[in-house]
Amino acid sequence: MIQNHIITILVLCSFSLGVLGQGVDAVIDNTDSFTCYKTINFWIEGAVGDDFEVHYGDGVVESFDEQELEEKEYTYSDSGCYTFMLIAKSGGQTDTARYGFCIVDPEVDFNYTHNSNCITDKGYGVAFENTSTITPPDVMIPDDLYVWNFGDGSLYNGFEAEHDYTYPGRHKVTLELNVRGCNASATDIIEISTDTGLVEGIIAEESCPCNEYSLSAEGTADEYTWYIQNIDSGGEVELVGERVNYTFEYPGQRNVTLIGKDESTGCIYRRDRVIEVCPNDLISSRSNDQWVIGEGSVFDFTSGSLNISNNVSPMISYEAVASMSDHLTGELLFYTNGIKVYNRNHQVMLNGDSLKGNPITSSSQGCLIIPMPGNEDRYYIFTNSGFTNAGSPSTQGYHYAVVDMTLDNGLGGVLPTSKNTPVFTGPCSEAPFYRVMHESQSGVTRQLRTCSSNASYWYVIPACYDNFYAYLITESGIALPVESSFPRVDNFEICNTFGCSAFSRDGSLFAIAENTWCGYKANNVPTRIRIFDFDLNTGQLSNPKVIFAPTGTTWDIEFSPDNAIIYYSGDSNKLYQASIKELDMTKTRLIHNGAGFNNKGYTTIELAADGKIYIKANATDTFSVINNPNIYGIGCDFQPVGVDMGQTNTLYKGMQNFVPLNVIYRDSVVADFEIDSSACMASQITLHDNTNYLNAGDCSFYKGDYLWDFGDGMTSTEVDSVHHVYNEPGNYQVKLIVNANRSCASDTFEKEIVIAASSAYISGGDTLFVENGQIIGINIEGGHLYQWIDVEGLSCSNCPNPFVDIDESQWYKVVITDTVSNCTFEDSVFVQVGTELFIPNAFSPNSDGLQDEFRIIASGFKYWELTIYSRVGRRMYILNEQNNKWEGKINNRFARMGTYTYSFIGEDYEEEVLSKSGTITILK
């Protein structure tokens, strides 16, 4: 059998010669019948016979015996179609194998015509005509070897093509012919619908919460259509208009596309922009996903709707209840009744007993949980002792303890040294009664976008008649309180007051229910709700407004999610709704009078994670629900029996006391930087950050996210000043993008920097050659000041043209200063003494990264050449000073393992000629 490999096209072409004398015909595989190379290697293996003839198809015939039959290299003088023929002879018999192929010379070119004047709804049509020619002309190249690249990301295989462009601008079109052995291509630029100003740009204005966007079109189009990527619903939203509004539900990057259309011509133009949607809440509302209430029941909102489990917890609480869930997953972490703290397994937490709360008698908001700023594993539990059975306030006041969730193998524990730390215990020296305190407590997030992991909180307690104390809780701890005082201006009887307090969801309003308890006279005196403005920056309350409850006591308060409506309840068996804007009796609506609840009355009221408000009917196993709390009037959809526990349960007044966590302050940032005076190639440039943070409050110390774009393809996320080195001269646009700690606020600042070229250098190349004992000079072009790093053998250390007198080869490095541009440059030169020649005797081109290439060291020669020969003496490869590398391939095919010979010849600068020969072994 004879097998011929056309190396240049890497396709096996098989010839089969039968056993001589049996007359078997040749088998020819013509799957690869053309190439671009004129030099072809014919590999011949396993041929049987005494003598052979090779006919190359152009009239040249060669004869050889079996010992020479291995491979034949032949160069054809011109393109054309040829038949290679191998004839085997033995004992007067012959057998023949043939292979037909063509050597082609392609010239690729194309023309195109426009089918449209501009891009329309159907695109912009272009027809492409292939005008390529192939020599010889009768060779048929398969159409699928022609590849069209239309310059807009689209490819097509075929001889001719048509394409519809949907993007305007300049498109680089390439037609490539992938002929086996070589490629040929042609390129042209197509101008598609130049920018007419139909759509100039997109303006995206953010509001806070910053998932709300107002999008405006810039341009002169008659019609605008927006396509907004909305991964929340898994598709794309289409909106029409010059200005549109859109609210995203989740954070992340969104693609926005704007199409402008000219109605008279049908032409359209497109703009694209990526919008970074930031979180609506800095601390996820999932912290409020699970409530443990009453006597052992769990309200679970993690699925998006309410699921109830009864008889889960051993906790008993008359009023005081607070639970905390994981802010990312909604998993229950721990809960408390103000006396004991329970872990997620409903066991008393490590050190979690004997807090100074009051779950047994009366403590409307006897406990409250607030995350510890700067430490995701720790939480404050605030308690107050409420009232005794005698109707008098307890003498214990307000305290806190710290829960650390890393304790007890992740179940959490109360830090022993933190338990029952006093916050406020009185007395109130200005009060006629010794310890007159209200039993409620509230907390609100005061959180800036620049400090997403360093939230601060206001914790507010009412005490001492009309005095309120606001404690700022930060990463540094609990600050001294800010006091707000309000002298009495009405006849409201004050002794011991009770009721709940609440913040609006945006933190701007603080409300408190006030009922007097003067010797159990609660049902005989007026009750009221007061609403204050609250300053999130200072903690100061101001501008009190009063709503007097019509009858009976007022117990709890809750704001609607949009802060426009307030709801309040009480033992009067009634539930009310009032407009925040009006706050007068004419705008107060009675939602329900409590009928059907055996005069038990409404007590605790709380906004849940599902956006609904739940109201507890005292000492029953039912809950009322307000399904649409943002709607004033009957549209709020109040359901008297919205949740039926389905069991006999002595659930009292307590439900969930929770800090609203979605309060956001909008900060702003102005990016800015300066570039130092150094602007030289290969020198370190310093960019000084001058970014300003506005309205950052306590959090101005915390920087945002930085992205430096140096304009040369390199970036950095270093905060503050950065350093960079430019390796090429030119004008670069440097950009700084600052996102205020992954927040709404962001800004971009750009400035151009001009990098001067290296105007000073060592002339004569990287290497200078000298003979032993010869003294030469090193010449520097340009510069004004010079400092040589290594001066051994130099005639001076700071001159531009030192002389060199050395016996051994050595590197010299110089620092050159241009006093005009104030740039410094470095250059080096290697002084080679005499000649040096090293030729390896083996290498292994197997792509394992070790000795994959054959290289020689030939220093001190004016020119040199090394030729590698096959075992039969055929020249295989030539190395010289321009091409000093052999990867072990012949025409893209790896040579066989074995030993090859080489010859080296070179002439040094003294015109002495050196020749050398030897062997090279190819290993695998």
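**Close-up views of a predicted model**

View 1. Strand 8 (residues 80-90) and strand 9 (residues 93-103) run antiparallel and are joined by 11 bridges. Strands here are DSSP runs of E with at least two residues, helices are runs of H or I with at least four residues, and both are numbered from the N terminus. Two strands count as paired if DSSP finds at least two bridges between them. L86 has A97 in strand 9 as its bridge partner. The open sheet has 5 strands in the order 3-9-8-5-6, and its pairing is mixed. Strand 3 (34-35) and strand 6 (61-65) are at the edges with a single partner strand each, so one side of each has no neighbour in the sheet.

The model is predicted: local features need pLDDT of at least 70, side-chain atom pairs count only at pLDDT 80 or more, and totals for chains, interfaces and linings use all residues. Residues are numbered from 1 along each chain as its sequence is written, and side-chain values use heavy atoms, with hydrogens and water left out.

**View 2. The ring pair Y56 and F84.** The ring centres of Y56 and F84 are 6.0 Å apart and the planes are at 55°, so the pair is tilted. Rings of Phe, Tyr and Trp (its six-membered ring) pair if their centres lie within 6.5 Å; planes under 30 degrees apart are stacked, over 60 edge-to-face, and the rest tilted. Y56 is in the loop between strand 5 (51-55) and strand 6, and F84 is in strand 8, 28 residues apart, so that the pair links distant parts of the chain. Y56 and F84 are both buried; buried means under 20% relative accessible area, exposed over 50%, and partly exposed in between (1.4 Å probe, protein chains only).

**View 3. Other aromatic contacts.** The count of aromatic pairs comes to 44. In the pair W291 and F299, the centres are 6.1 Å apart and the planes at 15°, so this pair is stacked. W291 and F299 are both buried. A cluster linked by ring pairs consists of W458, F468, F486, F503, F510, F532 and F534. K751 lies over the face of F673, 5.7 Å from the ring centre; a charge sits over a ring if NZ of Lys or CZ of Arg is within 6 Å of the ring centre and within 35 degrees of the ring normal.

**View 4. The largest cavity.** The structure holds 5 cavities of 30 Å³ or more, and the largest has a volume of about 220 Å³. A cavity is a set of points on a 1 Å grid over the protein atoms alone where a 1.4 Å probe fits but cannot get out, and lining residues have an atom within 4 Å of a point. Grid points are joined across faces, edges and corners, and the volume is the space filled by probe spheres set on the points. The lining of the largest cavity has 28 residues, with Q365, S501, E606, N657 and F658 nearest its centre. Two or more lining residues come from each of strand 37 (442-446), strand 43 (501-503), strand 47 (557-559) and strand 51 (602-607). The lining comprises 12 nonpolar, 10 polar and 6 charged residues. Ala, Val, Leu, Ile, Met, Phe, Trp, Tyr, Cys and Pro count as nonpolar, Asp, Glu, Lys and Arg as charged, and the others, Gly among them, as polar.

**View 5. Strand 49, a buried strand.** In strand 49 (residues 575-579), 5 of the 5 residues are buried, so the strand is largely enclosed by the rest of the structure. L575, Q577 and S579 point one way, and Y576 and A578 the other way. Strand 48 (residues 565-569) pairs with strand 49 in the antiparallel sense over 5 bridges. The bridge partner of S569 in strand 49 is L575.

View 6. T686 stands opposite H723.

**View 7. Backbone details in two loops.** T135 and P136 are joined by a cis peptide bond, with omega about 0°. P136 is in the loop between strand 13 (133-135) and strand 14 (146-149). D408, which is not a glycine, has a positive phi of about 55° and is in the loop between strand 34 (398-404) and strand 35 (413-414). D408 is partly exposed at 35% relative accessible area. N409 lies in the loop between strand 34 and strand 35 and has a positive phi near 55°. N409 is exposed, with a relative accessible area of 80%.

Methods:
On a 1 Å grid over the protein atoms alone, a cavity is a set of points where a 1.4 Å probe fits but cannot get out, and a pocket is an open set with protein on both sides within 12 Å along at least five of seven lines; lining residues have an atom within 4 Å of a point.
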